[in-house]
Amino acid sequence: MAASPSESTDLRLDADTIAAVDVSDMLADVVGLPEHLRDALWKVESANMQPWDSPGGLVVAGMGGSAVGGALARAMLGDHASRPVLASRAYGLPAWTTPDTTVLCASYSGDTEETLACYEAAGALGARRVAVCSGGKLATLARADGVPVIPVAGGFQPRAAVAYMTVAALEVAALCGAGPRMGAEIDVAADHLEHLVVEWGADGADDCEAKALARALYDSVPVIAGSGLTTPIAYRWKTQFNENAKIPAFMNELPELCHNEVVGWQEAPALGRFAAVFLDDSDTHPRVKERFALTRELIGEQATGTFVVESRGHTAVERVLSLVLLGDLVSLYVAVLRGTDPTPVDVLVSLKERLAASA
Ligand code: F6R
């Protein structure tokens, strides 16, 4: 059971304090992001796939931590995507999927029923399939069907394999003609992330951005806002707060939230403590940047805090991954400040077990 935040009011985030709460060492997997990226490139290579042509583009079918790689890859491709690339989180494929579409079935465990249903649906349609998983039923089915399998290293929580899922989606997008090869950008981003790990990791300065933000957020409900490239990252932050810190968290995107959600802050203090985090990027539309500033000002009195966080790096791959790393660390540090082990996701496991029992 989690200690109440008041039991940890000294808000320490040194390496020993982190290790004492993060008993399953999620931190090692989070700061392993640069190494995972490099390993992921090798893993795709090992599947030995030759390029093919999918005029219908790419659907990345998966759920949760396995689907997010598809959405992040889409953000990284930006205007360089020459065909549709879409992350789909459902029991079925989008209605427009045709035999001309490549379907990448992404499931860390290989046993997620929604993803397995998409694997079957893509087969029935005659669409080209690729699987990315660490094993499970998906690996067994794919091998039996002669479908290429991109292997993922075992022993992670699925959400910690984000680099593997993202690289798999990027590489398959390139192989099927939906985008350019991004291998060089991925390598450069891995080097860039090494520096950020030093800056924001457990041995980083006590007032570094990741630790300071965690201290500012640990006793509020985080409401994350993204725009364009940062929208899927806002979703990643939300889900990492949910799964690592075990707290409710919400996300939305600009400019849309300026047309509705902004009004909802009026009564926020009567309901609880809510903090707003805006994920900004050098490529954010200038009018959206103005909206970040104005929205912050307008909700400032109702929020327990408002924060703008800038992506770091040059290429889209670097910038996306910098914010993914920051969000993963902030959510982990919030878990530590709340006395909660970041790794287990008991409710999620129990839900899957109960569903399996009724299948
Ligand atoms: C758990 C996690 C979940 C899973 C999801 C799908 O760490 O992130 O969101 O990713 O339940 O399971 P997999 O990834 O095994 O297909």
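## Strand 3 and its neighbours

Val103 stands opposite Arg129 in strand 4. In this predicted model, strand 3 and strand 4 run parallel and are joined by 6 bridges. The chain passes from strand 3 to strand 4 through helix 5 (residues 113-125), and this β-α-β crossover is right-handed. Strand 3 also pairs with strand 1 (residues 58-62), again in the parallel sense, over 5 bridges. In that pairing, Gly62 is the residue opposite Ala106 of strand 3.

## Ligand surroundings

The ligand is surrounded by 14 residues, of which Ser66, Ser107, Ser109, Thr112 and Lys352 are the closest.

- Ser109 has a polar side-chain atom 2.7 Å from an oxygen atom of the ligand.
- Gln157 places a polar side-chain atom 3.0 Å from an oxygen atom of the ligand.
- Lys352 has a polar side-chain atom 2.7 Å from an oxygen atom of the ligand.

On its own, the ligand has 400 Å² of accessible area, and the protein covers 94% of that area.

## Salt bridges

Side chains of opposite charge can pair when their charged atoms come close. A search of the whole structure finds 17 salt bridges. One of them joins the side chains of Arg129 and Asp145, with an N to O distance of 3.6 Å. This pair links distant parts of the chain, 16 residues apart: Arg129 belongs to strand 4 (residues 128-133), and Asp145 to helix 6 (residues 136-145). Is Arg129 buried or exposed? Arg129 has a relative accessibility of 16%, which is under the 20% limit, and therefore counts as buried.

Another salt bridge is formed by Arg312 and Glu209, whose closest N and O atoms are 3.7 Å apart. Arg312 sits in the loop between strand 9 (305-310) and helix 14 (316-337), while Glu209 is in helix 9 (residues 209-217), so this pair ties together parts that are 103 residues apart in sequence. Arg312 is partly exposed at 27% relative accessibility, and Glu209 is partly exposed with a relative accessible area of 27%. The side chains of Arg273 and Asp219 meet in a further salt bridge, at 3.4 Å from N to O. Here the partners are 54 residues apart, both in loops: Arg273 between helix 12 (268-271) and strand 8 (274-280), Asp219 between helix 9 and strand 6 (221-226). Arg273 is partly exposed at 44% relative accessibility, and Asp219 is partly exposed with a relative accessible area of 30%. Salt bridges with shared partners also join Glu35, Arg38, Asp191 and Glu194 into one network.

## Backbone geometry

Most residues other than glycine have a negative phi, and most peptide bonds are trans. Which peptide bond is cis, with omega near 5°? The bond from Leu254 to Pro255 has this geometry. Pro255 lies in the loop between strand 7 (250-253) and helix 11 (261-264).

Leu11 is a residue other than glycine with a positive phi, near 55°. Leu11 is placed in the segment before helix 1 (15-21) and is buried, with a relative accessible area of 17%. Asn48, also not a glycine, has a positive phi near 55°. Asn48 is located in the loop between helix 3 and strand 1 and is exposed, with a relative accessible area of 62%.

## Trp42

Trp42 is part of helix 3 (residues 33-46). With a relative accessible area of 63%, over the 50% limit, Trp42 counts as exposed. Between Trp42 and Pro151 the separation is 109 residues in sequence and 9.7 Å in space, C-alpha to C-alpha.

Conventions:
Residues numbered from 1 in each chain as written. Predicted model: local features only at pLDDT ≥ 70, side-chain atom pairs only at ≥ 80, totals over all residues. Heavy atoms only, no water. Salt bridge = Lys/Arg side-chain N within 4 Å of Asp/Glu carboxyl O. Helix = DSSP H or I, 4+ residues; strand = E, 2+ residues; numbered from the N terminus. Buried < 20%, exposed > 50% of the residue type's maximum accessible area, 1.4 Å probe, protein only. Pairing = 2+ DSSP bridges. Right-handed = clockwise from strand over helix to strand, strands pointing away. Near = heavy atom within 4 Å. Polar contact = N/O pair within 3.5 Å; in protein donor to acceptor, adjacent residues only side chain to side chain. Areas by Shrake-Rupley, 256 points an atom, 1.4 Å probe, with all protein chains shown as cover.
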